[in-house]
Amino acid sequence: MKPIRLVAAAAFVFAFFTFAPAQTEQKHPTGTVVTQKHADGSTEVQPQFKTAPLSDDDVLNAQKKLSANGYNVGTPDGKIGPGTRAAIRKYQQDNKLAVTGKLDESTRTHLNVGAGKTMATAPSAIGRGSKAAGHNVKEGHPVAAAKAFGKGFGHAGKSVAEGTKSGVMGTKDKIAGNKSKPENGNQPPR
């Protein structure tokens, strides 16, 4: 009795996979975005990167730093309201950053806020770039694969660099007590 069930199950599985309708829409890996669809049905994808999470403490620290540098945020409260957005925009404009009014990773780095969170996005950037590269190779698009792989490692490197700069600058601020900087730009000897 058991061999008959086994043969019947095998026949069912064979029939299901042989006669199952083919999917018309090809799925792309999570963490990627389709950048091009080709006539043969293949797709090219590139990584879609995570952004570092932003906590109320990060916002509060950014507001304090903006206020200390002469940008009016109102009363620092850890919430991004109209006053904070206006201060962020002015800060971004004065520091030649993309003017978004948001506490993006680049702005946080310049303000020395959230270093660890920025660095923590690096492994996922590499993973997403690798996923996209693998998909592109499988689809027969080696140039797109190389771009995806490079973008993943490039974004990871930028995250580590920005996080390191923010961490070092943040530590320097803590050591100096966030007082005014010496005139020649160097820290006094200890």
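Contact means heavy atoms within 4.5 Å. Helices (H or I, at least four residues) and strands (E, at least two) are DSSP runs, numbered from the N terminus. The model is predicted: local features need pLDDT of at least 70, side-chain atom pairs count only at pLDDT 80 or more, and totals for chains, interfaces and linings use all residues. Residues are numbered from 1 along each chain as its sequence is written, and side-chain values use heavy atoms, without hydrogens or water.

**View A. Helix H3 and its packing partners.** Helix H3 spans residues 82-94. Its 13 residues reach 18 Å from first C-alpha to last, close to the expected 18 Å (1.5 Å times one less than the number of residues). Thr84, Ala87, Ile88, Tyr91 and Gln92 are the buried residues of H3 (buried is under 20% relative accessible area, exposed over 50%, partly exposed in between; 1.4 Å probe, protein chains only). They lie on the same side of H3 because they cover an arc of only 135 degrees around the axis (taken from the directions from the helix axis to the C-beta atoms). An α-helix has 3.6 residues a turn, so residues three or four places apart point the same way. The buried residues of H3 pack against helix H2 (56-68) and helix H4 (105-111). Pro82 and Gln93 are exposed on the other side of H3. Just after H3, lysine 96 has a positive phi of about 55 degrees.

**View B. The largest nonpolar core.** This core has 12 residues, including Val59, Ala62, Leu66, Tyr91, Leu103 and Leu111 (a nonpolar core is a set of buried Ala, Val, Leu, Ile, Met, Phe, Trp, Tyr and Cys residues joined through side-chain atoms within 4.5 Å). H2 and H3 each supply at least two residues of this core. Beyond its neighbours within four places in sequence, leucine 111 contacts Ala62, Lys65, Leu66, Tyr91 and Leu103. A second, separate core has five residues, among them Val45, Ala132, Ala133 and Ala148.

View C. Strands E1 (residues 32-37) and E2 (residues 43-47) pair in the antiparallel sense over five bridges (pairing requires at least two bridges found by DSSP). Valine 34 has valine 45 in E2 as its bridge partner. Five residues lie between the strands, and glycine 41 in this hairpin takes a positive phi near 95 degrees.

**View D. Threonine 35 in strand E1.** Threonine 35 belongs to E1. Threonine 35 is partly exposed, at 47% relative accessible area. Leaving aside neighbours within four places in sequence, threonine 35 contacts Glu44, Val45 and Gln46. The C-alpha atoms of threonine 35 and alanine 144 are 9.6 Å apart, with 109 residues separating the two along the chain.
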